[in-house]
Amino acid sequence: MKKLLTTTAAATALLMGATGAQAEGKLAIYHWFEYIPQELLDKFSKEHDVEVIMDTYDSNEAMLATLKAGAIGTYDVAVPTDYMVSILIAEGLADEIASGELANIGNVKSGFSDPAYDPGLKHSIPYQGGTTSFAVDTAEYSADIDSTDIIFNPPEELHGKINVLDSQGEVLALAAVHMGIPQCSTDRDQLKALNDMLQAAKPHWASFNSDTAKEVLAAGDVAAGMIFNGYAAKARETRETLKYAYPKQGWVNWMDSVVLLKDAPNRENALKFMDFLLEPENIAQVTNFARYTDVIQGTAEYIDPELASMHESNPPAGIEGVFVEACNAETQAVYDKIWTNLKK
Amino acid sequence: MTRQRYDIKSYPGFLQITLLCLFVLYAPLIVVAVYSLNASASIAVWEGFSFRWYVDVFTGPESAKFKTAARNSFVIAIIAASVATAIATLAATAMVRGGKFRLRAWSFGLISLPLMVPEIVTAVATLIFFNSIGFDRGLLTILLAHIAFCIPFAYLPISARMQGIEDSYEQAAQDLYATKRQAFTKILLPLMLPGIISGFLLAFIISLDDFIITNFVKGAGVETLPTAIFGAVKQGIKPNIMAISTMLLGFSVLMVLISYLVSRTDKTS
Amino acid sequence: MAGGATSGGNAVTDTYKEARNWLLLPAWGTLGIMVLAPVLLMLVYSFLTKEFRGGVIWEFSLAAYDQFFFDRGLFGDDPAKIEWTYIAIFWRSIWQAGAATVLSLLIGFPTAYFIATRPEKQRVIWVFLITIPYWVNLLIRTVSMRFLLRDEGPLNSFLMTTGLVDSPIHMINTNFAVQVGLFYSYLPFMVLPIYAAVERYNFTLSEAAADLYANKWITLRHIVLPAVKPGVVAGCILVFVPSLGSFLAPDLLGGAKNFMIGSLIEEQFKGNAGNWPFGAAASMILLTMVLIILVIYARAQARSDKEAG
């Protein structure tokens, strides 16, 4: 018994050490999976003598849920997509950045310094921009892939070989593009048609996965899958026959942003980190790793030249993508219902 | 005495089914152990034998994450199992050596509650609880949750053992003017030791194993081995995960062996 | 581990009668605060109003249970019909857990019987072999299973190189994979209680049956099975209950395509839906179902004890 107590005491001391000792000089990041190179975190850690801890999520909605379920006040920054930035602001989960707090904010390219989701960049800085559509293994299906029919009305050959992102915002936005209806529609016939269309498409899908979106394509577990453009480029490195689609109906555009969170325990370090990511050399490292696009001036000289010519980063001219919209509570309830119907 | 017409105990096919059962239980583990020695960075092809992924676990880019996660897991499991074992030992004494009392059935119900409530329900309830009292989530929230659900796992072997010990030893000690406390610490506890160790080991493994509850109550940047592994495998099974899994398999086998040896010394004494 | 719980030794004595409340206090306190209170609080939450995008408003509401049981159409203003969505999810979970239980029983019973009829020294080794996988992290076991069952995984390559099949059998992301995963996760829970029961079984009964010229299988069906029934029932419950609320197997082996109870609840707190009262209500319904099963079991157990005694 005595031994048990001493062991317990020793272990408790260890635990306190694990939590208390390094309380100074920390930075807690809540980030997408596989979205920042470890070397860059190490570099920040070294330059500013800060211990960086990072948790990852696989959808904007999952991030919001975790923050609301008590994680707010434990993370310093998160990296949501445009529409989720505006939701975080509306929910009061984002902290305000006073002017002058970010030395490098002027590095943001002029077209991106006053986005609709965060006017005047008061809570966030742009991180990476890209598109969401899908990739197809052309060895399995060689006909034209540039249509959302591939996912929502798939040809015989792809039945049962499709992965869909487990993310309500992106799936329903792409579905709206497919049907040519507005997002956050309140038109009952449109909503019913959307529900029916998804119900008809689901039997042809193999799985709902976001974080394995690349893996299932690269490993050949599915022949087509919804995916982000840069992630598709990485999948193509393993399986050359994968081709990212720019459907004629359109696709989903997005801009992920680093948001300063409310009650950030290490606000100073969070701002340092944001400034760090506004330096061309650093954000370029993210771009080279994630294979999307950044909107910081002066990154050109650091960027992998291959990126510019990649099929994935060159949407065809003449077709527009859409940004995901945040709906109001009443409309959102209907979309939530459609999503639950889909996953039941 | 009539001669038996057949061996009444054995049934045809049962041996084969037992072997099938063992095959199903072990095939995935063996496959993972074998593939952890694959030289290739891809899990799909075999490129020859290598220990590189074991080296990678300790020195690779993710090593820091896994080291922290392993330390968290073991610290939490040691503390949670110790505290739960202490609580369970006291509770078992009351339940087995405390006579019959009105709250006995209720107490037993409360102690076995974590076994009856599905894990996902406990996880959600704990999340709501911490959230509503504004308790900051971190290692401490994981620890508190683990202590609670480890109690019944520690309690079962301990109370089973205590029921197997005659209380005549303690009676004798008290006849020789030992106090109740002395009878407890000097007589009962040493006799109980094998049961306490079994209870501790079971609680330890249960804590080390837990994913669902930990995932719900963990705080920023606090990973245990299961949550770290879950995060890693969600993006595809990598060879370094197989190496970690194989090491944990080895560790588990070691623990079972210890527990087996402890129970054997128990029989010979 | 708990096999010898009831055998031998003395029953309840009252050596520490005076101290029993103090001895129980830590257990009462810890479990009362960390398990009972949270479950009761969850019951309260299931009757609160949901806050948009996660959280609750402290106003009484039956909306969560209404959403569970009644379908008011896509827009919430059709006349109420029975909502089959969530009942179907529960039914699917029950079915999957049931299939996994039957599968475990079919394999687990002969295994347990076989082990229990080995010479005593061998038994320890067999039990040891059965329990080792259970000590391996459930997550790792599920991941291993996923790796094994892939279209291009070891099992399919084995089947194809040996010429047993021409093209890979598609197993991953199917209900079958989930059932196999659940079966595999909890199989030792089935084997151990049955093993304990068969070990206690008095084989002179089988001898008597044989003397009366009963066929082997008739003996098994009418003599052995009734005698070891408590072990079988305990095994079934130990497999069924955790399978019912499982979360890893559907997520990693089923492709997260269809909700099971566990993933439905998880989604309310960590995923897209953000509907806490509904998640709490679904949890309460699951908990009630499990408690009903356990009460029926306890009643049956008490009755058979009375008959036996």
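This is a predicted model: local features need pLDDT of at least 70, side-chain atom pairs count only at pLDDT 80 or more; totals for chains, interfaces and linings use all residues.
User: What makes A:C184 and A:C327 a disulfide?

Analyst: The sulfur atoms of A:C184 and A:C327 lie 2.0 Å apart. The cut-off is 2.5 Å, so the pair qualifies. The structure holds 1 disulfide over all chains.

User: Why is the disulfide of A:C184 and A:C327 called left-handed?

Analyst: The torsion about its S-S bond is about -85°, and the disulfide is therefore left-handed.

User: Which parts of chain A does the pair tie together?

Analyst: A:C184 is in the loop between α6 (168-179) and α7 (188-201) of chain A, while A:C327 is in the loop between β10 (322-323) and α13 (329-343), so the parts joined are 143 residues apart in sequence.

User: What are the domains of chain A?

Analyst: The domain assignment gives domain 1 (2-129 + 254-311) and domain 2 (131-253 + 318-343). Their centres, taken over C-alpha atoms, are separated by 27 Å. The contact involves 16 residues from domain 1 of chain A and 27 residues from domain 2 of chain A.

User: How much area do domain 1 of chain A and domain 2 of chain A bury between them?

Analyst: They bury about 1,800 Å², with 55% of it on carbon and sulfur atoms. On the side of domain 1 of chain A, the residues losing the most area are A:Y83, A:W254 and A:H311, together 34% of what that side buries.

User: Why is the meeting of A:E34 and A:K214 called a salt bridge?

Analyst: The N to O distance between the side chains of A:E34 and A:K214 is 2.8 Å. The rule asks for a side-chain nitrogen of Lys or Arg within 4 Å of a carboxyl oxygen of Asp or Glu, so the term applies. Across the interface of domain 1 of chain A and domain 2 of chain A, the rule finds 3 salt bridges.

User: How do you know that C:E18 and B:K180 form a salt bridge?

Analyst: The side chains of C:E18 and B:K180 meet at 3.3 Å, N to O. The limit is 4 Å, so this pair also counts. Between chain C and chain B the count is 1 salt bridge.

User: What else describes the interface of chain C and chain B?

Analyst: There are 12 residue pairs in polar contact across this interface, both residues at pLDDT 80 or more. Helix α1 (residues 20-45) of chain C gives the most to the side of chain C that touches chain B, with 18 residues. That side of chain C divides into 64 nonpolar, 17 polar and 13 charged residues. The area buried between chain C and chain B is about 9,500 Å², carbon and sulfur atoms giving 76%.

How values were computed
Residues are numbered from 1 along each chain as its sequence is written. Chains are lettered from A and ligands numbered from 1 in the order in which they are written. Side-chain values use heavy atoms; hydrogens and water are left out. Domain bounds come from an automatic or database domain assignment. Contact means heavy atoms within 4.5 Å. Buried area is the accessible area (1.4 Å probe) that two parts lose on being put together, summed over both. Helices (H or I, at least four residues) and strands (E, at least two) are DSSP runs, numbered from the N terminus. A polar contact is a pair of N or O atoms within 3.5 Å; within protein, one must be able to donate a hydrogen and the other to accept it, and residues adjacent in sequence count only if both atoms are side-chain atoms. Ala, Val, Leu, Ile, Met, Phe, Trp, Tyr, Cys and Pro count as nonpolar, Asp, Glu, Lys and Arg as charged, and the others, Gly among them, as polar.
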